[in-house]
Amino acid sequence: MDINTTKSYTKYYVIAWIFGLIFYFLDYVIRSAPAVMFPELSQSFSVNEIRLVEIIGTYYYTYSTCSLIAGIALDRFGAKYSLFAGAFILGIGCLLFMISNQFSGVTGRLFQGAGCAFAFPGCVYLASKGFSSKSLATAIGFTQCLGMLGGSAGQFVVGPLIEEGMNINNFWLFSGIFTIIVAFGLWFITPANAVDKNTAKKQSLLEPYKIVFSNPQSWFCGIISGLLFAPTTIFAMTWAVDFFQKDRTFDFHTATISSAMVAFGWVFGCPLLGYITDKINKRKPVLVFGALMMILALLQLLYFPNIFPAKYSMFLLGVASGAAMIPYSIIKEANPDNVKGSATGAINFITFGVTTLLSPLFSHLFGKTLHSTVDKTNHFQQAGLFWIVGITIAILISFLLKETGEGEKPDKITA
């Protein structure tokens, strides 16, 4: 392929990446929206809040496992077919959420998780094809920025609409139809020849994951990212509205805004921290700094709430937790170029595998006692310390990472 043809395809990959951002935006809208419609969903599925959280949490079962499938599909078939399939499945999952019974709720949420698993790996895959290595972390940070803007919209925008009386079925109907339209848009826009077919023939289906999972750095990246993601995915996007209402006696509007500020903080934190890592050609210092800032933000929220209102504390937490995206750059740099899709699928699998394990644990320890506890302040502080412990573990593991900034590449495992 000549240079002019390569540049032409690079341009098309960038265009496809931009369109893929819409899919990823919808991913986070749909992921976070249930947090602001707990009473309505409980009534629709005829379940209590704990059971509802279990239904919502099934999202991460398929999200983590299908991340592996997404990685294989991207390396094997390219982004065109993979992103179409993911967006279409997500749209069906939204439509299933309109049916008022538990089975449809669980099935719909499983479909949503499975479909969303293709969004971020697909966008990163396209970004890796369309951008140079010098700007890859920035592109990945911007990708996550758009995703978290969707997460913020899922609460900032949907919350007030629900408060004003919007029927939740209208939300799921519109989301489902629009996502399916996006799926067909991705089909027509994304370049078809997104994979080296000669390499695919020589390489067995599971060979990319054998390479990625045999590298300890991949596991370190996934665990760190999972521990830094969990306070946003489990707390901010699932429990925070309820905790602020019950433990801090916030009204629904204030609780919703405070919760949504974490996702809004990501909008700034992801591209900012990604840009800094590219600028200084170092990954680990920015990763550790962001994690430490997360701890400080949580400590202020828990023990010194009068210094800043909760919405500002949550915003700072969101900005700092943009550090969770840095391992996504590290894992791609710590593994061979021919497993780009699988590396992203692997880190998504590990990251949200951690989330899948922590979600029921947090629910058991603190969710079940949310309504019955007498000492509300102590309950809120203990719940917050749960996340501080996890972030501290992430910092300790980060010292096992090899620096992959420019000029300090670790020894890569070759096929």
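I looked up D242 first: D242 forms a salt bridge with K246, with the closest N and O atoms 2.8 Å apart. Salt bridge here means a side-chain nitrogen of Lys or Arg within 4 Å of a carboxyl oxygen of Asp or Glu. The model is predicted; local features need pLDDT of at least 70, side-chain atom pairs count only at pLDDT 80 or more, and totals for chains, interfaces and linings use all residues. Residues are numbered from 1 along each chain as its sequence is written, and side-chain values use heavy atoms, leaving out hydrogens and water.

I placed both partners in helix α13, four residues apart, about one turn. Helices are DSSP runs (H or I, at least four residues), numbered from the N terminus. D242 is buried at 6% relative accessible area; K246 is partly exposed at 25%. Cut-offs: buried is under 20%, exposed over 50%, partly exposed in between (1.4 Å probe, protein chains only).

How many salt bridges does the structure hold? I found four. D27 and R31 pair at 3.2 Å, N to O. They sit four residues apart in helix α1 (residues 3–32). D27 is buried at 0%, and R31 is buried at 2%.

R51 and E54 also pair at 3.2 Å, N to O. They are three residues apart in helix α3 (residues 49–57). R51 is partly exposed at 29%, as is E54 at 43%.

Terms used: Helix = DSSP H or I, 4+ residues; strand = E, 2+ residues; numbered from the N terminus.
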